[in-house]
Amino acid sequence: MKCPVSFALMALLSLAACQKSYVADIEILRNDTQAALDQLASLYTEGIEADYQDLERHAAIARTKPFDTAHEKQFRNEFEVLKYHYRQTSRWFELQTHAEWEAQLTYGRTQLEALFHDAEKGLMAKEAVRQALESEKNVLLPLLAEVTNSTAAMRELMTQHDSLDNHWQTMWDQWEIPTL
């Protein structure tokens, strides 16, 4: 008669082990979501808004320069670099705002915390945990990839900003008086 009790105990332990593996998966996704939130915040701490203002100023100056052959090099090379940096940074602010991404990530993290709690306490069946985790992955993984790629691209542009800002300012200073 010991067999049914052992079987029930084994089934319960098996269910608990499966729940624990889902708990670990939930924890990883929750940590990745927090890391994405931290990446977003760090761009603003590092000065992305000030960099964008500088780019707007340089782009406004460039728009005032009529094409002439004396400055063809600047039009063909320097302005293209400026245009690229300005477009990429503009997209950051125009296409997907920090607040929207932050809201989506925060909501996802909240959902994961609730799922983590329910799974850890055994309040949900194994299959329900698996389905909920898959749903969260389907929502969060593309968002995490987008945020990670976008913040990495912006960070790369920001690393070049100071030297380019100085370079463009020197170019404007020498535009009318090349001997400066």
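Biologist: How do the residues of the lining of the largest cavity divide into nonpolar, polar and charged?

Modeller: A lining is read by sorting its residues by class, and in this predicted model the lining of the largest cavity divides into five nonpolar residues, three polar ones and one charged one. The residues concerned are I48, D51, L55, H85, T89, M154, L157, M158 and H161.

Biologist: Which elements give two or more residues to that lining, and which gives the most?

Modeller: Two or more residues come from each of α2 (48-63), α3 (72-94) and α5 (126-175), and α5 gives the most, with four residues.

Biologist: What volume does the largest cavity have, and how many cavities of 30 Å³ or more are counted?

Modeller: Its volume is about 60 Å³, and the count comes to one cavity of 30 Å³ or more.

Biologist: Turning to packing, how many residues has the largest nonpolar core, and which have the most contacts inside it?

Modeller: A core is read as a set of buried nonpolar residues joined through their side-chain atoms. Here the largest one has 26 residues, and I26, W92, L105, V129, L140 and V147 are those with the most contacts inside it. The elements that give two or more residues to this core are α1 (2-45), α4 (98-120) and α5, with α5 providing the largest share, nine residues.

Biologist: Which residues does L105 touch, leaving aside those up to four places away in sequence?

Modeller: With those left out, L105 touches T33, A36, L37 and L40, and also L140, L143, L144 and V147.

Technical notes
Residues numbered from 1 in each chain as written. Predicted model: local features only at pLDDT ≥ 70, side-chain atom pairs only at ≥ 80, totals over all residues. Heavy atoms only, no water. 1 Å grid on protein atoms, 1.4 Å probe; cavity = no way out; pocket = protein on both sides within 12 Å on 5 of 7 lines; lining within 4 Å. Points joined across faces, edges and corners; volume = space filled by probe spheres on them. Nonpolar A, V, L, I, M, F, W, Y, C, P; charged D, E, K, R; others polar. Core = buried A, V, L, I, M, F, W, Y, C linked by side-chain atoms within 4.5 Å. Buried < 20%, exposed > 50% of the residue type's maximum accessible area, 1.4 Å probe, protein only. Contact = heavy atoms within 4.5 Å.
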